[in-house]
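Subject: Structure handover

Hello,

Here is the structure for you to work with. Please open it alongside this message.

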Amino acid sequence: MRVEDEIHRRLADAFAPRKLEVVDESESHRGHSGYREGGQSHFRVWIASKAFRGQSRIARHRAVHDALGPDLIGRIHALALRIED
């Protein structure tokens, strides 16, 4: 399974979001630190879920990282997050 698909699945399972976009931006980082041939290293995520209501920005980021888990986070070089309730 592609990292992009795994990110999508884990976040969808954890937060039942009304909006979830996972974009692999790896190619735009070619030649930079952390780039791997074939991509799947740099991602942008936009997620909107009622589960984040009332949480601080830091709490939301921690929740996303917890949902992804250390095994998946360890395979990602860069993760940009836009999190809304």
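Below is what was found in the side chains. Please note that this is a predicted model.

**Nonpolar core**

The largest nonpolar core has 17 residues. Ile7, Leu11, Phe15, Val45, Ile47, Phe52 and Val64 have the most contacts inside it. Five elements, α1, β1 (19–24), β2, α2 and β3 (78–84), each supply at least two of the core residues. Take Ile7 as a way in. Leaving aside residues up to four places away in sequence, Ile7 touches Val22, Phe43, Val45, Leu68, Leu72 and Ile76. For background, nonpolar side chains tend to be buried together in soluble globular proteins.

**Aromatic rings**

A search of the whole structure gives 1 aromatic pair. The partners are Phe15 and Phe52, with ring centres 4.6 Å apart. Their planes make an angle of 35°, so the pair counts as tilted, between the 30 and 60 degree limits. The pair joins distant parts of the chain, 37 residues apart. Phe15 is in helix α1 (residues 3–15), while Phe52 is in the loop between β2 (42–48) and α2 (57–73).

The charged end of Lys19 sits over the Trp46 ring, 4.0 Å from its centre. The charged end of Arg82 also sits over the ring of Trp46, at 3.8 Å from the centre.

**Salt bridges**

The count is 10 salt bridges. Here are three of them, with N to O distances.

- Arg2 and Glu4 meet at 3.7 Å. Arg2 is partly exposed at 43% relative accessibility, whereas Glu4 is buried at 16%.
- Arg75 and Glu6 meet at 3.1 Å. Arg75 is in the loop between α2 and β3 and Glu6 is in helix α1, 69 residues apart. Arg75 is partly exposed at 32%, but Glu6 is buried at 9%.
- Arg60 and Asp85 meet at 3.2 Å. Arg60 lies in helix α2 and Asp85 in the segment after β3, so this bridge ties together parts 25 residues apart in sequence. Arg60 is buried at 13%; Asp85 is partly exposed at 29%.

Which residues are linked in a network of salt bridges? They are Glu6, Arg10, Asp71 and Arg75.

Best wishes

How values were computed: Residues are numbered from 1 along each chain as its sequence is written. This is a predicted model: local features need pLDDT of at least 70, side-chain atom pairs count only at pLDDT 80 or more; totals for chains, interfaces and linings use all residues. Side-chain values use heavy atoms; hydrogens and water are left out. Rings of Phe, Tyr and Trp (its six-membered ring) pair if their centres lie within 6.5 Å; planes under 30 degrees apart count as stacked, over 60 as edge-to-face and the rest as tilted. Helices (H or I, at least four residues) and strands (E, at least two) are DSSP runs, numbered from the N terminus. A charge sits over a ring if NZ of Lys or CZ of Arg is within 6 Å of the ring centre and within 35 degrees of the ring normal. A nonpolar core is a set of buried Ala, Val, Leu, Ile, Met, Phe, Trp, Tyr and Cys residues joined through side-chain atoms within 4.5 Å. Buried means under 20% relative accessible area, exposed over 50%, partly exposed in between (1.4 Å probe, protein chains only). Contact means heavy atoms within 4.5 Å. A salt bridge is a side-chain nitrogen of Lys or Arg within 4 Å of a carboxyl oxygen of Asp or Glu.
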